[in-house]
Amino acid sequence: MKKLAILVSGLLLTCGHASAIDCHQVLGQGERQFSLATGSPGELGLLAALAQEFGQQHNASLCWVKAGSGKSLALLKAGEIDMVMVHAPAAEQQAINEGWAVERQLLGSNQFYIVGPHHDPAGIANSRLAKEAFAKIALQKHTFITRGDNSGTHKKELSIWQQAKLVPSGDWYQASHDFMKASLQRANAGSGYFMTDSSTWVASRAELNNLTVLFKGDPYLVNTYHSLRAPSSSTDANQLAQAFSQYLVSAQGQALFAQFGQAQFGQAMYQAASASLQQ
């Protein structure tokens, strides 16, 4: 029994926060484990590719906690995870200012697209800015799917409505309370409008027969990803998180970030930090 207790204690120490949370997926086969919360980079496979390469070098595995940016940051603040990969610049900076997150690093970016029915009933395709496109959708009261989940995408969407001086409401404004892929599928099923990140669109477009990209290119729709981690401690998990944080911005990590998706989809799904606008 004593040996068993020592073994269990050792496992809990090795896993750090991962033992207390629900891993959506464990990435890599290493004996040492740390935890990271993110949404789309996990759904699309980027996190798995990064974790696999890092894990081989450090005998590590990664507990991926599937969560949007708002929930990811809340988990970090609560001390339940070791680090996050998020796209909510204002909330990230607040975390740094308040001291419960450290080492905010620009990883790279994609962009947001506004997609909708091919016949574009709200006529957004000729808009100059994202706020104009949103205003036209609201005027026509055509179905718009919102994540409604405090994710980075939802935060960005709400800021655009604010720019348009509108508070969307009514039967046409429908919350999915779900992740990006599922929300895109709901928009496709109902021939509605939706603001998606470009990476998820590239990965999913073959299945979305009712939708097309109708608006993109507004500089405000640049979508930057940052990593943040819990303040330094002596735990093995925290030390792994520090190492992974440095790996993400290394030449090796950035090369993988910039090339991801090229082989499968014929185009890279993200831009590296060097080609991304800081936010």
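Which residues line the second largest cavity? The lining consists of Phe-144, Ile-145, Thr-146, Arg-147, Thr-153, Glu-157, Phe-194 and Met-195. Two or more of the lining residues come from each of β6 (144–146), α7 (152–163) and β8 (193–197), and β6 gives the largest share, three residues. Helices and strands are DSSP runs numbered from the N terminus (helices H or I, at least four residues; strands E, at least two).

The structure is a predicted model, in which local features need pLDDT of at least 70 and side-chain atom pairs count only at pLDDT 80 or more, while totals for chains, interfaces and linings use all residues. Residues are numbered from 1 along each chain as its sequence is written, and side-chain values use heavy atoms, with hydrogens and water left out.

A search of the whole structure found two cavities of 30 Å³ or more. A cavity is a set of points, on a 1 Å grid over the protein atoms alone, where a 1.4 Å probe fits but cannot get out; lining residues have an atom within 4 Å of a point. Grid points are joined across faces, edges and corners, and the volume is the space filled by probe spheres set on the points.

The second largest cavity holds about 30 Å³ of space. Its lining comprises four nonpolar, two polar and two charged residues. In this classification Ala, Val, Leu, Ile, Met, Phe, Trp, Tyr, Cys and Pro are nonpolar, Asp, Glu, Lys and Arg are charged, and the others, Gly among them, are polar.

The largest cavity has a volume of about 80 Å³. It is lined by 16 residues, and those nearest its centre are Gly-39, Ser-40, Gly-68, His-87 and Arg-147. At least two lining residues are supplied by each of α2 (40–43) and β4 (83–86). By class, seven residues of this lining are nonpolar, eight are polar and one is charged.

One disulfide was counted, a disulfide being a pair of cysteine sulfur atoms within 2.5 Å. It is formed by Cys-23 and Cys-63, whose sulfur atoms lie 2.0 Å apart. The pair links distant parts of the chain, 40 residues apart: Cys-23 is in the loop between α1 (2–15) and β1 (25–27), and Cys-63 is in strand β3 (residues 60–66). The disulfide is left-handed because the torsion about its S-S bond is about -115°. Cys-23 is partly exposed, at 23% relative accessibility, whereas Cys-63 is buried, with a relative accessible area of 0%. Buried denotes under 20% relative accessible area, exposed over 50%, and partly exposed in between (1.4 Å probe, protein chains only).

How values were computed:
On a 1 Å grid over the protein atoms alone, a cavity is a set of points where a 1.4 Å probe fits but cannot get out, and a pocket is an open set with protein on both sides within 12 Å along at least five of seven lines; lining residues have an atom within 4 Å of a point.
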